[in-house]
Amino acid sequence: MPSPTDDGNVLAVPTSPVVTEAALMAAIVDSGFFSMVAIDLEGTIVHWNRAAERLFGWRRIEAVGRSIDLIVPADRRDELAAMIATLRRGDEVLPIETVRRTKTGNDVCVCLQVSPVLDASGRLIGASKFGFDYTDQAATRAELAASEARYHALVDALSEFVVVTNADGEVVRPQSSWAAFTGQDDSTAGGRGWFDAVHPHDRTAFEGQWVQGAAVAEPFSLAGRLLHRGGEYRHCEGRVAPRRDALGRVVEWVAAFADVHERHLAQERERNTAERFRRIFAANVFGVCYGEHRSILDANAMMLDMLGVRRKELAAGIPWDDVIVSDAADPVDFGNGAAREFEVRRSDGSTAYLLAAGVSLAPDRGWLAVAVDVTQRKAAERETEHRALHDPLTGLANRQLLVDRLEHALSRARRQGSLVGVLFCDLDHFKEINDAYGHAVGDLALQTVARRLESLMRDSDTVARIGGDEFVIVLEDLADPGDAARISERIRAELSTPVTLEAHDITLSASIGVALNTDNDDRVETLLGRADNAMYRNKRHSQDQITLEPDHTDSPRCQASSRHEHAPALALADNTLDLETTPPIDLRAYGAAGPSRTPRNGDG
């Protein structure tokens, strides 16, 4: 016997390498529109798909393992047994229209196709039954049958559109209603003249329907365009029924026609509309897709290109979550027609952005979405935003971004009681480089400085170029004032390393002003101004030096550290540190030791 799956179904799945194909087929059957119920030869249910759950009301776990009598009314069980017997004989079972019972006890009309289930050796081991609810159609047919019965009973009383012929299809007593509709009198309609009212293009098919229907001597239908007394041809449908004599022989045919011209035109308009929609769907310059729940089931070429998927992937449906990244968005989120942006993960790993709007179709009919690719616009927006906040030459933060970062750093410092350092760096004699080698080399020098500064900083620090040859560095979360001095010296030493630009050996140097936030005043403008002042004092006295803005020593934050521990910083504050030589510097927070030089105080 087949083994049960995790969800309660029992499937006869071949061994590898067909497992993947079988599993895929099972998934397709399980998600299909038609109910699919499989039974073994004892009538035990072994498979029950989701459509069966919706149709009969029994959940899969409730149905699998139980007898098929669960849904077969008692008066229909012989019918099922006969179909199984037909399968055992190896004969084909034709589709039937029958009745099944739901969990709530209601009868539902279904159209049923029964097929054999064979094992690997071709032996019959069960039957599969595909079905769909045709209750509405059955009700329509029942009403039509009732109408036909009324026609038969009242045919002589009807006042419109009825013709009675003999067994050979010749008019024996035309009804006034036929003459009123077609304009044919008794002479033109007599015999088989009534066929002349059929449109010439429909005549052959119409007569063929008559001959075929009359041959079986059972009620049959006719359809075609009939001449109206106004001179136009109108679509009509007729039902033809025999009147038999006592011996059961057909002696008359009663044909009752209905004018369905308006309905036909409406259906034609609907078909044309559907075809136009399909063409628009396929050829639209916008991406268009259709889906149900969280799966994309159809899409035009433009949408497939936007999503980066191939059409054959639509066969099984494309899971929404496989391509849409944005906030795990649900397709129903845009069912009201409002547009929103979605981030798309394409199959090649790239990212795209779509502006999409969708509508929910009739209840349980899925959704339809229209989208335009805004990836380039998003990239342009990001580029514009980046340019607004960064220096175009070096890619460093500009003054606007610097001020924003410094404001946030100071805000955190106030909350945490930490130190923030600002280093104001001005390149020495930079104008001479421009004058001697040209602005192109000067630009390369600025870019070199930018890369060297970035290489020395942590991710949390900010390096900015605020104009010309001036750079500002924001150091966050400093442990003590000496950190700012040590980093400043490392920057000075790094910048002084010669560099070759356009075959020119160039040595750069910088004057650096250092300022730390204080308890008295830690506004952005004040802190930048103090660092700027310190740098200019350096410029006036001696370049290629570091000057620590002296006001920081008044801060309780700074006074909390021992003088011995902060000797380099205090020496800088007193303008007594000669940076011709400096000691090895512990830069644990920055991952390296500083240059090895020997300090000496100005007093010898």
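Reader: Which way do Val162, Val164 and Asn166 point from S8, and which way do Val163 and Thr165?

Author: In a regular strand the side chains alternate between the two faces of the sheet. Here Val162, Val164 and Asn166 point one way from S8, while Val163 and Thr165 point the other way. All of them are buried. Buried means under 20% relative accessible area, exposed over 50%, and partly exposed in between, with a 1.4 Å probe and protein chains only.

This is a predicted model: local features need pLDDT of at least 70, side-chain atom pairs count only at pLDDT 80 or more, and totals for chains, interfaces and linings use all residues. Residues are numbered from 1 along each chain as its sequence is written, and side-chain values use heavy atoms, leaving out hydrogens and water.

Reader: How is a strand such as S8 defined, and which strand does S8 pair with?

Author: Helices (H or I, at least four residues) and strands (E, at least two) are DSSP runs, numbered from the N terminus. Two strands pair if DSSP finds at least two bridges between them. S8 pairs with strand S11 (residues 250-259) in the antiparallel sense, over 5 bridges. Val164 stands opposite Val254 in S11.

Reader: How many residues does H16 have, and how far does it reach?

Author: The expected span of a helix is 1.5 Å times one less than its number of residues. H16 has 15 residues and reaches 22 Å from its first C-alpha to its last, close to the 21 Å expected. Of these residues, 14 of the 15 are buried, so H16 is largely enclosed by the rest of the structure.

Reader: Is Arg486 buried or exposed?

Author: Arg486 lies in H16 (residues 481-495). Arg486 counts as buried because its relative accessibility is 14%. Its side chain joins that of Asp483 in a polar contact of 2.5 Å. A polar contact is a pair of N or O atoms within 3.5 Å; within protein, one must be able to donate a hydrogen and the other to accept it, and residues adjacent in sequence count only if both atoms are side-chain atoms.

Reader: What does Ile491 touch?

Author: Contact means heavy atoms within 4.5 Å. Not counting residues up to four places away in sequence, Ile491 touches Leu423, Leu453, Leu456, Met457, Ile473 and Ile512.
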